Amino acid sequence: MKAQTVKNSVIVPLGSKGGFVVKNQAKFTDRSQLMQEVVSCYQMMMRGMLDITDNLVKGKVVHPLQVIRLDEDDPYLVVAADKGTAEFSDIANAISNEYGFWLDDAFASGGSAGYDHKKMGITARGVWESVKRHFRELKRDCQTMPFTVVGVGDMAGDVFGNGLLQSRKIRLYSALI
């Protein structure tokens with residue numbers, strides 16, 4: 001987890017991993033009933049995240065109803081399944097479809113749609129959107145103005161490696177593997 005925290009500190013301080021906990025697991029003696037509860041909790045979490053996320057409709061940003069925003073437009077949200085939740089991608093994508101979320105079945109990697117978020121650089125895209133926003137706030141265009149980076153990771157398909165491929169103006173100064 002330490003290596004992941006270091007990698008993610010570039011994205012979100014203290015890491016960007018999230019999750020959910022099913023609080024009443026002890027009351028379930030039957031595994032199938034427990035799994036129903038886990039899926040129900042996961043669906044609630046996905047709906048909760050989409051309830052507060054901007055959406056793109058016909059190319060225009062649509063803000064969630066009854067949400068007070070203090071930030072700029074930000075319709076980018078991707079759920080990257082990991083070892084324990086890979087089978088939940090189809091569940092998350094079904095909710096994305098239910099909400100009419102602009103990423104549809106690319107909302108969650110994996111699943112029957114066959115997205116491999118590492119191979120396709122989907123997680124890198126999210127990081128890159130953050131990088132572009134950061135540079136925009138600095139009044140710099142990271143697609144046309146050269147800049148130097150120091151990163152953690154390798155070019156084997158992780159977030160940092162795929163992120164480096166997003167601009168021809170990136171100059172890699174150092175990488176810790």
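**Pocket, core and rings**

Modeller: The second largest pocket holds about 190 Å³ of space, a volume being the space filled by probe spheres set on grid points joined across faces, edges and corners. A pocket is an open set of points on a 1 Å grid over the protein atoms alone, where a 1.4 Å probe fits, with protein on both sides within 12 Å along at least five of seven lines; lining residues have an atom within 4 Å of a point. This is a predicted model, where local features need pLDDT of at least 70, side-chain atom pairs count only at pLDDT 80 or more, and totals for chains, interfaces and linings use all residues. Residues are numbered from 1 along each chain as its sequence is written, and side-chain values use heavy atoms, with hydrogens and water left out.

Biologist: How many charged residues are in the lining of the second largest pocket?

Modeller: Asp, Glu, Lys and Arg count as charged. The lining includes Leu50, Asp51, His63 and Phe101. By class it has 6 nonpolar and 3 polar residues, and the charged number 1.

Biologist: Is Phe101 buried or exposed?

Modeller: Buried means under 20% relative accessible area, exposed over 50%, and partly exposed in between (1.4 Å probe, protein chains only). Phe101 has a relative accessible area of 5%, so Phe101 is buried.

Biologist: What kind of aromatic pair do Phe101 and Trp102 form?

Modeller: Rings of Phe, Tyr and Trp (its six-membered ring) pair if their centres lie within 6.5 Å; planes under 30 degrees apart count as stacked, over 60 as edge-to-face and the rest as tilted. Phe101 and Trp102 are 6.4 Å apart centre to centre, with 55 degrees between the planes. The pair is therefore tilted.
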